Amino acid sequence: MTRKGVTVLGSTGSIGRSTLDVIARHPDRFYVAALTARHQWQLLLEQAVIHRPQVVVLVDGQHAQDLERGLRQQGLATEVLTGDGALTTAATIAAADCVMAAIVGAAGLAPTLAAARSGRRVLLANKEALVMSGPLLLDAVRHSGAELLPIDSEHNAIFQCMPPGRSGVAPRGVRRVWLTASGGPFLRRDVAEFDAITPQEAVAHPRWSMGRKISVDSATLMNKGLELIEAQLLFGMTPGTVEVVVHPQSIVHSLVEYTDGSTLAQLGNPDMRTPIAHALGWPDRIESGVQSLDMLTLGSLHFEAPDRAKFRCLALAEEAGRAGGTAPTILNAANEVAVEAFLERRLNFAGIPMVIDEVLQRVPSTDLSGLEGVLAADAVARQVARQVVAGRGETI
Ligand code: NAD
Ligand code: MG
């Protein structure tokens, strides 16, 4: 078997670490081509010593010399690159057949787009890159003949339940997609108490262990809103044909409903190594290290409708998804700014949807006109969001 080279963008994060865990189980199938991190140089060094990549990228170059020294002490010739542009180098080096896009937020767009343009297999965890750029990423995939495989557990589940087809084109016979949501840590919390929620509580997800930003998104249900737009784009679904259903156990990862009344679901323990192994090995099935479900002890599974009045972020994302154009770009940018402000205790939890709503009202959405248009809308939305956050003058 010829081994495949994998670049992991965001290797020090939750998805990045799970990806390296799966890769390490299959030295006969995969080797690591490049690893990237923003500033966790010591963890990046540890990963490089184990996985021996050609290149490592430390975006924040402050500790580049420490990293370089550590690599040489271990007898490694790994090249160290710094700066944002280096991410694109890592995403397109010749040794990479496959790129795991696991940077959080808009910072992942450029390297993910570069990987798609260069015809690699792209494993997409970085949903913000897709949501903000709309059809641009899918167009790049189509033009270059790249493969785009979803890592988000729901979209990976949908991919597994869909008939084969191209990214962005709805397969015939599919009536609806059911996107499951855990509901996050505040599913049963009274909305009157939302103001007092601390970052510490918000990042403690009951089912999944994830990075801080996506954990807050899960607590506001913005994560599900972004995923709804992601599903529309990835599977060519029209806005009304993606339905969100709350399923607190996070065992059913999503469902696809067909015109004949069949509904197919993908089930598994909530561990991201399953979708990662699925996409790395596809079309083969490979070991992930995740325990199988025991149907004899699983008990009953619960489903309920989401409360859009309580979790306004979901409704805002649904509106932006329906509006199309740059509305999802604006929504995503405003959310990134609001979540960062919440994590830095400059904004209340209840303020997050209010900021996003105000930004969506103040920044007019336009048709999507190439990457420049996307980046311009992103920049304006961030600027307005920062003003709105500052104007609220909250502290927690
Ligand atoms: P994380 O915060 O744990 O890790 C983020 C990674 O991105 C780190 O390696 C960090 O160094 C890097 N990074 C952050 N900012 C950067 C910047 N400005 N430039 C370059 N690199 C930067 O996040 P995560 O939970 O692993 O999530 C990564 C992506 O995967 C997100 O888009 C998230 O929505 C998506 N995702 C995560 C999960 C999960 O279970 N964690 C599930 C589904 C989707
Ligand atoms: Mg998900």
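## The shell around ligand 1

By class, the shell around ligand 1 in this predicted model holds twelve nonpolar, seven polar and four charged residues. Here Ala, Val, Leu, Ile, Met, Phe, Trp, Tyr, Cys and Pro count as nonpolar, Asp, Glu, Lys and Arg as charged, and the others, Gly among them, as polar. There are 23 residues around the ligand, and T12, S14, R38, E128 and G211 come nearest (a residue is near if one of its heavy atoms lies within 4 Å of the molecule or strand).

Helix 1 (14-24) and helix 6 (127-133) each bring at least two residues to that shell. Helices (H or I, at least four residues) and strands (E, at least two) are DSSP runs, numbered from the N terminus.

## Backbone contacts and burial

For I15, a polar backbone atom is 2.9 Å from a ligand oxygen; for G13, a backbone N or O atom lies 3.1 Å away from one; and for G10 the distance is 3.2 Å. A polar contact is a pair of N or O atoms within 3.5 Å; within protein, one must be able to donate a hydrogen and the other to accept it, and residues adjacent in sequence count only if both atoms are side-chain atoms.

On its own, ligand 1 exposes 830 Å², and the protein buries 89% of that (Shrake-Rupley areas with a 1.4 Å probe; for residues, only the protein chains shown count as cover).

## Two helix pairs

Helix 14 (residues 327-343) and helix 16 (residues 370-392) pack at about 40°, with axes 8 Å apart. That angle makes helix 14 oblique to helix 16, and the crossing is right-handed.

Helix 4 (residues 85-92) and helix 5 (residues 109-117) have axes that come within 8 Å and cross at roughly 30°, so the two are roughly parallel to each other. Their crossing is right-handed. Axes are lines fitted to C-alpha atoms, for helices over the stretch in contact, with angles from 0 to 180 degrees between N-to-C directions. Under 35 degrees counts as roughly parallel, over 145 as roughly antiparallel, 65 to 115 as roughly perpendicular and the rest as oblique. A crossing is left-handed if the near helix is turned anticlockwise from the far one by less than a right angle, and right-handed if clockwise.

The peptide bond from W282 to P283 is cis, with omega near 5°. P283 lies in the loop between helix 12 (273-281) and helix 13 (312-323).

R52 isn't a glycine, yet has a positive phi of about 50°; look for R52 in the loop between helix 2 (41-51) and strand 3 (55-58).

## Ground rules

Residues are numbered from 1 along each chain as its sequence is written, while chains are lettered from A and ligands numbered from 1 in the order written. In this predicted model local features need pLDDT of at least 70 and side-chain atom pairs pLDDT 80 or more, while totals for chains, interfaces and linings use all residues; side-chain values use heavy atoms, leaving out hydrogens and water.
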